[in-house]
Amino acid sequence: MTAAQAHSAAELRTAEPAGPPWHGFGRLLQAEWTKIRSVQSTVWSLLAFVVVAVGFSTLIATVISHDWNAPGNHPNHAELLADPTAVIFGAGLGLGQLAICVLGVIVITSEYSSGTIRASLLAVPKRIPMLAAKALVFAAIDLVASAVAVFAVFFISTAILRSHVSITLSQPGVTRAVIGAVVYLTVLGLFALAIGGLIRHTAGAIAIVIATVIVVPPLVGLIPGTIANHVHGYLPTVAGQLVAQTSQQPGDVTSGWQGFGVFCAWTAVLLAACGWLLVRRDA
Amino acid sequence: MLGRVNRPGNTGAVGRGTARGQTPGLIEAHELTKRFGDKVAVDHLSFTVEPGRVTGFLGPNGAGKSTTMRLICGLDRPDAGTAAIGGLAYHQLARPLATVGALLEARSAHPGRGARNHLLFLAQTQGFPARRADEVIDLVGLRDAARKRVGGFSLGMTQRLGIAAAMLGDPRVLLLDEPGNGLDPEGIRWVRTFMRQLAAEGRTVLVSSHLMSEMSVTADHLIVIGRGKLIADASTQEFIQRSSERSVLVRTPDPARLRKLITAEGGTVASEDSADGVASLAVTGIAAPRIGELAASASVVLHELTPRVASLEEAFMELTADSVEFGDASAGAGGANRGAR
Ligand SMILES: Nc1ncnc2c1ncn2[C@@H]1O[C@H](COP(=O)(O)OP(=O)(O)O)[C@@H](O)[C@H]1O
Ligand SMILES: [Mg+2]
């Protein structure tokens, strides 16, 4: 209780040099990194994402390759030729993205369910820098995991399908689509994080995010008419996923990057709302 | 013992975490008010907490102690009023953990995270060296559990971790919400000694409790609240004196005449019971010797004349019962405050 403390007291009190507003932001990034890596559930979710994405894509590609010359019609053959990445990414990343949604939500809701938010906000009472650091660190982790998963899915699937169809990064639109899949998954994590921060309860937030990603789009898609078609096209993940297509398809309301811009706008608005409420609500 | 602390008036590094011209470490609540729906949890509460002593923050469960502490450290937003530490609102502190350490009532660590990592991330937010986490772990005696997950901790260990987090920045001000919760008697003694030591070093220590008995041996000063309102603000000494001088038990076969004598002197009389023609009266406002003199001068027979030394617990119950009974706490609070100041 004695000596251990004495020598650092002065050091802790050293005056803070006046600096720009982002001064000290680096240490918040460091703290958020410590938070994320020190809880096993986040580490497991990331692993689950990569394993599910790669495993499922491999399975689908294997099945397609195996049945290539089987009798009957194969709608995915034409699709593979028209938009190879949509088929390759569709299955594995379509499922794997749910792990990213869950992870994005729990990165922030676990602070509320565990009470860590109180410790965090005592340390960073201005609050917004804490949210910004958390979003940045999580986005960086999400980006790396997504890049690993997307490139693995792409190279494994194309290798399996090579004897039937040749798909390479040098074909028009393919590289854009692969990079598009990575950035889509990165922004999806932030989208989920923002909803987690707004709802503050794990189960409720996960339900809302999953509904937004996989339940609402097909339902809206069922409504006939051009207005409904436009609404559908501007739904966050419908728009966001266009950038992972090799080429624009008939019926797409926007181009790939435009759609991605729409998704980013949704995410930015939700993050801003999250920050706005964070400084106004009781912790 | 716990490292250097800049005492009030001692310049040096004091400038940081203190507004110009303010006493470092002084906690000031001004007309703090917090509502949850219709419920007024904290009601125009004003008080100051001085450095260099342990200030007990007392009130029955639901009085608003925890809410007040959350308001002071900026976790809850007040509906009205302000709270300041060294003249600054909590969110204005540049490195808050180096100024204020808070142990809150509710759990504030992730069950899946190791104790050391919890302290490490907090240290990192402030730019403290990582070894600071180890130092406070040793300080609270959690070294063996440092790498264990918080989810497996007993209530007492969780409380120790909370104290470690509060001490991370070697703060000048400590807010401890029911720190004895979940601790065994040995742990409670440890916390008590610890708080006294922190205050002796010149720090400000505000510690809440719903148990008067605990506070009477720990606190130098008491702030008592009930239903979110201030009931008393006095030194523990004063509080004990005031409480124990509150009433004198008088037994007499002639209550009517004695009552007249006492009320003529400005005292008040409450009859408690009577048996075998002898009435028991509780007299307040006049000391026992004077009651004896009055009785003697009028030849009123007394069977008993006993200054009542109420226990602190009784005094506390009586005080807070007022605030509950009357609904309007100011009726009880006014009387109590008059005695205190
Ligand atoms: N977050 C909250 N939402 C609604 N009511 C609350 C909340 N926090 C406290 N209260 C209410 O405010 C009152 C004061 O509570 P609290 O500050 O915890 O008292 P104490 O710590 O003195 O026991 C209680 O009636 C409690 O039910
Ligand atoms: Mg409480």
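Visitor: Which residues lie nearest the centre of the largest pocket?
Guide: Thr237(A), Val238(A), Gln241(A), Leu242(A) and Gln245(A) do. They belong to a lining of 29 residues. Keep in mind that this is a predicted model.

Visitor: What makes a residue such as Thr237(A) part of the lining?
Guide: A lining residue has an atom within 4 Å of a point of the pocket. Thr237(A) is among the 29 residues of the lining, so it has such an atom.

Visitor: Which elements give two or more residues to that lining?
Guide: In chain A they are α5 (84–114), α8 (174–199), α9 (202–222), α10 (226–233) and α11 (236–241). The largest share comes from α5(A), with eight residues.

Visitor: What is the volume of the largest pocket?
Guide: About 640 Å³.

Visitor: How does its lining divide by class?
Guide: There are 14 nonpolar, 12 polar and three charged residues. Gly counts as polar here, so any Gly in the lining would sit in the polar group.

Visitor: How many cavities of 30 Å³ or more does the search find?
Guide: Four, in the whole structure.

Visitor: What lines the largest cavity?
Guide: There are 13 lining residues. Nearest the centre are Ile108(A), Tyr112(A), Gly197(A), Cys274(A) and Leu278(A). In chain A, α5, α7 (128–161) and α12 (256–280) each supply at least two lining residues. By class, the lining has eight nonpolar, one polar and four charged residues.

Visitor: What makes the pair between Lys65(B) and ligand 1 a polar contact?
Guide: The cut-off is 3.5 Å, for a pair of N or O atoms. A polar side-chain atom of Lys65(B) lies 2.8 Å from an oxygen atom of ligand 1. That is within the cut-off, so the pair counts.

Visitor: Which atom of Gly62(B) is 2.6 Å from an oxygen atom of ligand 1?
Guide: A polar backbone atom. For Thr67(B), an N or O atom in the side chain is 2.5 Å from an oxygen atom of the ligand. Both pairs are within 3.5 Å, so both are polar contacts.

Visitor: How much of ligand 1 does the protein bury?
Guide: Taken alone, ligand 1 exposes 560 Å², and the protein buries 64% of that.

Visitor: Which elements give two or more residues to the shell around ligand 1?
Guide: β2 (39–49) and α1 (65–72) of chain B. The largest share, four residues, comes from α1(B). The shell divides into four nonpolar, five polar and three charged residues. Residues around the ligand include Phe36(B), Pro60(B) and Arg70(B).

Visitor: Where do the domains of chain B lie?
Guide: The domain assignment gives domain 1 (27–241 + 317–339) and domain 2 (247–308). Their centres, taken over C-alpha atoms, are 44 Å apart.

Visitor: How many helices and strands does chain A have?
Guide: 12 helices and zero strands. The C-alpha atoms of chain A fill a box of roughly 80 × 45 × 35 Å, along the principal axes.

Technical notes: Residues numbered from 1 in each chain as written. Chains lettered and ligands numbered in written order. Predicted model: local features only at pLDDT ≥ 70, side-chain atom pairs only at ≥ 80, totals over all residues. Heavy atoms only, no water. 1 Å grid on protein atoms, 1.4 Å probe; cavity = no way out; pocket = protein on both sides within 12 Å on 5 of 7 lines; lining within 4 Å. Points joined across faces, edges and corners; volume = space filled by probe spheres on them. Near = heavy atom within 4 Å. Polar contact = N/O pair within 3.5 Å; in protein donor to acceptor, adjacent residues only side chain to side chain. Areas by Shrake-Rupley, 256 points an atom, 1.4 Å probe, with all protein chains shown as cover. Domains from an automatic or database assignment.
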